[in-house]
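Biologist: Thanks for making time today! Could you open the model and walk me through it, one question at a time?

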Amino acid sequence: MTSFESRLPAVASHGVDHGMDHGATDAAQSAPPPPAWTNIHAPDALRATTSDAERLAPVGRWRATRAYLRNPTAVIGLLILAVVLAAAALAPTLFPEDPLAMVDRPLQWPGQNPDYPLGTDALGRDVLAGLVHGARVSLLIGAAATLVSVVAGVLVGATSGYFGGRIDDALVKLVEVFQTIPGFILLIVTVAIAQPTIPAITLAIALVSWPAVARLVRAEFRALREKDMVMAARGLGYGHTRIILREILPNALPPVIVMASVTVATAILMESALSFMGLGDPNTISWGSMIGAGREMLRTAWYLSAIPGLAIVVTVLALNLIGDGLNDALNPRLSEGR
Amino acid sequence: MALLSVENLRAHYRDGGATLRAVDDVSFQIAAGETVGLVGESGCGKSTLGKTLLRLVNPTSGRILFDGQEVGGLSERALRQYRRSVQMVFQDPFASLNPRHTVAEILGGPLAVHGVGDRKSRIGQTQDALDRVGLPRDALKRYPHEFSGGQRQRLGIARALILQPRLVICDEPVSALDLSIQAQILNLLSRMKADLGLSYLFISHDLSVVRYFADRVLVMYLGRIVESGSWRSLWSRPLHPYTRALIDAVPNPTRRRHAAPLSGDLPSPRQIPSGCRFHPRCPLATARCQVEEPISRAVGDGQTVACHHADLSPIH
């Protein structure tokens, strides 16, 4: 009996101790707080406590960079993109003439004429020069449209997720209006109404892309605004702008960076599709317009469509590999194992 | 005059159709230089009470008076001033420090936001703050993940103290730490109190920690304070059966047990039991307890208790 009694207090205190592990949530939030990066489904995320993850993470500022460079497919993606970027940057030096100028006999196959290694098209234009100059337009539109859509998406998503309430309701409705219209139709209509210039195409692609970014950022902000570090910032008297920009945004960025790399790829595809349909800027050459121009000779001179098509495939693949690599590298739980 | 005076404070959440009464009619005072302990099980509303005092959670009704001034109706600007005087140390030092900021930014941020001094004097102040909590000065360039749990809690304390507050709300500041580190942090907190003349509201589920630390103890159950008094009187003469159960739950080989451990779990704060909210788990419960809610009454020596049968309690 004595031994039984002496055991009881320990049992009882154990019960109280167990409760303490969840003390942070307390009565205020009945559901456990969602993980900080809601889009990342790490296999160990459910089991790992905050302290576990922090303790395991390699120390140092360059952890993410090292983790990225240890991922071979991500490095390949980066190398491919570097080649495309270099070609785009060096285009005026490599091919100083106008890529739309007729230079030789039309429809020479690749390898036929050493002066034009990728051949000439139906109008006698150099395919390689077109490919290299086309990279400029494709990458420029991809990058600029992504920049605009990320800035717009972050602004709307952050405001919506941080403040909640009626502001949130209104902004979510706005996002939903854009998302219920099929993206590509909206793109075609916008470009058809505006002039098909590069700035107009860029803005039109951004108009189609920003709602996805806004939704992602909103979800991140909603999860992060209840965190202790945000409570601490509010308790210290920080203003809303400072909390949004300096406290929450840096922690919400990793998934946005990953999404941006994929958005660049999507924007390149959208621009190609527009150009293929003849809605691109007629005064510049792009990969999409090259495919469109080769469309009529698909059976006799398929290389005219296949070569720029391959360029798009390789570039988009590279961007997706980079996105995957960033996703892994920016997630401390996955990257520390490598 | 009391430094902080809380009157009939309520903080309710709308949770779907139900109302979650996290803090339900709480009144207490904290005098300048006093350390008040707040104990209770997880989920009883301790943390919500702490956050409500800082207006991180808006009170549903009731008054919070700091230095005689009403805090509930403060504008954004006045609230900022109030938050210089009242600060919080959080439970989890891994979650309460922004992982993307260096220590210099974590400690310098509050000074910059409140416009204290110029850039150079702020750096000096952050160094002083590190000295005070026993961290090396080269910590300024580091990120939170480069520190151990105990060191991070020291950072959390340094951040809470850098604006020279008068009242610090410690929300379970040691329960996320190893036992050996807990003592260090408690010692640091009590030294800070002595050096800076602080008042503390010390929230904890661990009675042995509160006993070490607090002048006066409030016992909270399901959003309400069921007993309060100096730790000495509570420890030697707990009147509420819940307080007694909490004390008995602390392992102590020299003391004989007086009551059976509490059975069952804390009821949901969405459906608070009728009458005395403790009656489903209370060993002394009678029919009266199921209908009539006991009012808090003074029982001498600054002790108050909210129990119909407090007189029946066996005296230790």
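**Strand pairing and surroundings**

Modeller: Gladly! Let us start with a pair of residues: V39(B) stands opposite S204(B), which belongs to β8(B). Please keep in mind that this is a predicted model.

Biologist: Is β8(B) enclosed or open, and how many of its residues are buried?

Modeller: In a regular strand, side chains alternate between the two faces of the sheet. In β8(B), S199(B), L201(B) and I203(B) point one way, while Y200(B), F202(B) and S204(B) point the other way, and all are buried. The strand is therefore largely enclosed by the rest of the structure, with a buried count of six of the six.

**The core and the whole chain**

Biologist: Which residues touch the most other members of the largest nonpolar core?

Modeller: That core holds 158 residues, and its largest share, 14 residues, comes from helix α5 of chain A, residues 127-163. Beyond four places in sequence, I205(A) touches I141(A), A145(A), L187(A), A267(A), M270(A) and E271(A). The residues that touch the most other core members are I205(A), L201(B), F202(B) and V219(B).

Biologist: Zooming out, what radius of gyration does chain B have?

Modeller: The C-alpha trace of chain B spans about 65 × 45 × 40 Å along its principal axes. For 316 residues, a compact globule would have a radius of gyration near 20 Å, so chain B agrees with that at 20 Å.

Biologist: What share of the contacts in chain B with a separation of 6 or more comes from residues 24 or more positions apart?

Modeller: For background, chain B has ten helices and twelve strands, and 47% of its 316 residues count as buried. Among contacts with a separation of 6 or more, the share from residues 24 or more positions apart is 65%.

Biologist: Is L222(B) buried or exposed?

Modeller: L222(B) sits in the loop between β9 and β10 of chain B. Its phi is positive, about 50 degrees, although it is not a glycine. L222(B) has 23 C-beta neighbours inside 10 Å, so it counts as buried.

Biologist: How does D67(B) count, given its C-beta neighbours inside 10 Å?

Modeller: D67(B), in the loop between β4 and β5 of chain B, is not a glycine either, yet has a positive phi of about 55 degrees. Because D67(B) has 15 C-beta neighbours inside 10 Å, it counts as partly exposed.

Biologist: Lastly, how many C-beta neighbours does V71(B) have inside 10 Å?

Modeller: V71(B) is in the loop between β5 and α2 of chain B. Apart from neighbours within four places in sequence, V71(B) contacts R55(B), I64(B), L65(B), F66(B) and Y82(B). V71(B) counts as buried because its number of C-beta neighbours inside 10 Å is 22.

Note on methods
Residues numbered from 1 in each chain as written. Chains lettered and ligands numbered in written order. Predicted model: local features only at pLDDT ≥ 70, side-chain atom pairs only at ≥ 80, totals over all residues. Core = buried A, V, L, I, M, F, W, Y, C linked by C-beta atoms within 7 Å. Buried ≥ 20, exposed ≤ 12 C-beta atoms within 10 Å, placed from the backbone. Helix = DSSP H or I, 4+ residues; strand = E, 2+ residues; numbered from the N terminus. Contact = placed C-beta atoms within 7 Å. Pairing = 2+ DSSP bridges. Rg over C-alpha atoms; globule rule 2.2 N^0.38 Å.
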